[in-house]
Amino acid sequence: MRLAAPTPEHFTSRLRSPAVAARVGVWLGIAFSICFLTGLVSHWAQDPGQPIPFPTSPSWGYRVTQGLHVITGTAAVPLLLVKLWTVLPKFFERPPLRDPRRLLLTSLERASIGVLVAAGVFLLATGLMNSSQWYPWAFSFRATHYAVAWIAIGALVVHVAVKLPVIRDALTSHVDDTRHDRPTAVEPGALSRRGLLRTTWLAGGVAALATAGSAVPVLRDVSVLGVRSGDGPAGIPINKSAVSAGVTGTATSAAYRLEVAYGDRSVSLSHDDLLALPQHTETLPIACVEGWSASGSWTGVRVADLLDLVEAPRGDVRVESLQESGPFRVTTLQDQFARDERTLLALALDGETLSLDHGFPCRVIAPNRPGVLQTKWVTRLEVQA
Ligand SMILES: Nc1nc2c(c(=O)[nH]1)N[C@H]1C(S)=C(S)[C@@H](COP(=O)(O)O)O[C@H]1N2
Ligand SMILES: [Mo]
């Protein structure tokens with residue numbers, strides 16, 4: 001017996017039709033576009049250089065864009081699976097070897113689809129893994145996810161342009177229309193085409209709801225995928241714990257000091273010194289790049305007030321944590337955040353001394369900022385101007 005790859009004629013279900021693929025494709029295109037745009041926002045927000053300063057208002061902006069990013073990315077998973085299923089026979093089409101011109105065109109089109117599928121699967125898979133805090137890779141997630149997003153969106157534009165006539169035709173005719181079907185795609189399945197589409201929308205909706213609870217408190221109970229929803233002191237989840245950051249000793253030591261420096265001027269403040277400075281309270285969210293977010297009422301010292309202690313001009317501030325290693329040990333608090341009156345070095349959350357896991361003795365909390373930059377266990381602020 002010889003094992004042969006299937007040919008398109010082996011696929012007989014009438015559900016595998018451009019009429020279905022185009023309709024699922026519209027939603028997939030919308031989901032990918034939302035992911036792309038909100039991803040650009042997130043990349044900009046995390047860029048230490050920021051040629052155009054990231055705005056500090058509205059304070060909940062990043063919470064919304066990043067929540068949307070992860071929700072639409074998750075909803076895209078069932079859409080992509082159904083879409084791939086409907087076009088599967090295409091992967092087994094034989095290239096038109098006898099006609100060089102058609103061969104070239106088909107090869108180019110297939111290559112662009114290959115790139116699109118590979119990039120799309122890569123983005124959704126790494127995104128899901130990231131939002132469940134599983135990093136089984138050595139490359140930088142942000143740089144790679146960002147680069148591949150450009151590849152995907154480029155390939156998507158090419159794909160839509162090439163298929164535009166078929167897409168337009170499929171969308172303007174009835175869902176059961178057979179004009180663009182392969183000749184063998186005639187067998188009725190367990191579902192009607194409309195039934196398959198409804199099931200797909202439902203699956204996308206369920207995936208979205210299952211994720212949304214990490215950002216939308218009222219949905220918490222239905223969100224089985226919302227991994228870090230509302231547990232942790234004051235209802236705010238904990239990402240990196242004090243134990244895993246290795247700071248339990250240094251953060252609670254009587255020798256703890258916050259150093260504020262500008263050039264050769266510096267001051268050194270104990271936890272009590274910080275408590276003796278004017279205190280301000282702001283309601284601001286922690287909005288993690290993984291999509292979860294939660295709002296808290298933070299009390300502490302304005303970063304601007306601290307910089308005034310060393311008569312520093314405004315400028316980017318280098319923030320250093322007690323944490324000994326790890327990518328988020330040192331972060332940059334850009335000028336516009338350092339100036340903003342809502343930006344605090346928080347000492348308390350919901351009226352209670354900050355817990356060790358939330359960053360005791362003090363942590364950065366600034367409006368409209370990715371959680372990853374809200375540095376905990378801060379021990380040094382240095383104005384770079
Ligand atoms: N020093 C330090 N600060 C840190 C982190 C870290 O790993 N180290 N994680 C950040 C991330 S990814 C998030 S989402 C927030 C979460 O803050 P929380 O644990 O208080 O909710 O802390 C940020 N601050
Ligand atoms: Mo985060």
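1. Which residue in β6 is the bridge partner of Val317? The bridge partner is Leu333. Strand β5 (residues 317-321) and β6 run antiparallel to each other, joined by four bridges. Here strands are DSSP runs of E with at least two residues, numbered from the N terminus, and two strands pair if DSSP finds at least two bridges between them.

2. A word on the model before you go on: it is predicted, so local features need pLDDT of at least 70 and side-chain atom pairs count only at pLDDT 80 or more, while totals for chains, interfaces and linings use all residues. Residues are numbered from 1 along each chain as its sequence is written, chains are lettered from A and ligands numbered from 1 in the order in which they are written, and side-chain values use heavy atoms, leaving out hydrogens and water.

3. Now look at the whole sheet. Five strands form an open sheet with mixed pairing, in the order β2-β1-β10-β5-β6. At its edges are β2 (265-269) and β6 (330-333), each pairing on one side only.

4. Next, visit ligand 1. Among the 19 residues around ligand 1, those that come nearest are Pro237, Gln323, His358, Arg363 and Lys376; a residue counts as near if one of its heavy atoms lies within 4 Å.

5. An oxygen atom of ligand 1 is 2.5 Å from a polar backbone atom of Pro237, and an oxygen atom of ligand 1 lies 2.6 Å from a side-chain N or O atom of Lys376. A nitrogen atom of ligand 1 is 3.0 Å from a polar backbone atom of Gln374.

Notes: A polar contact is a pair of N or O atoms within 3.5 Å; within protein, one must be able to donate a hydrogen and the other to accept it, and residues adjacent in sequence count only if both atoms are side-chain atoms.
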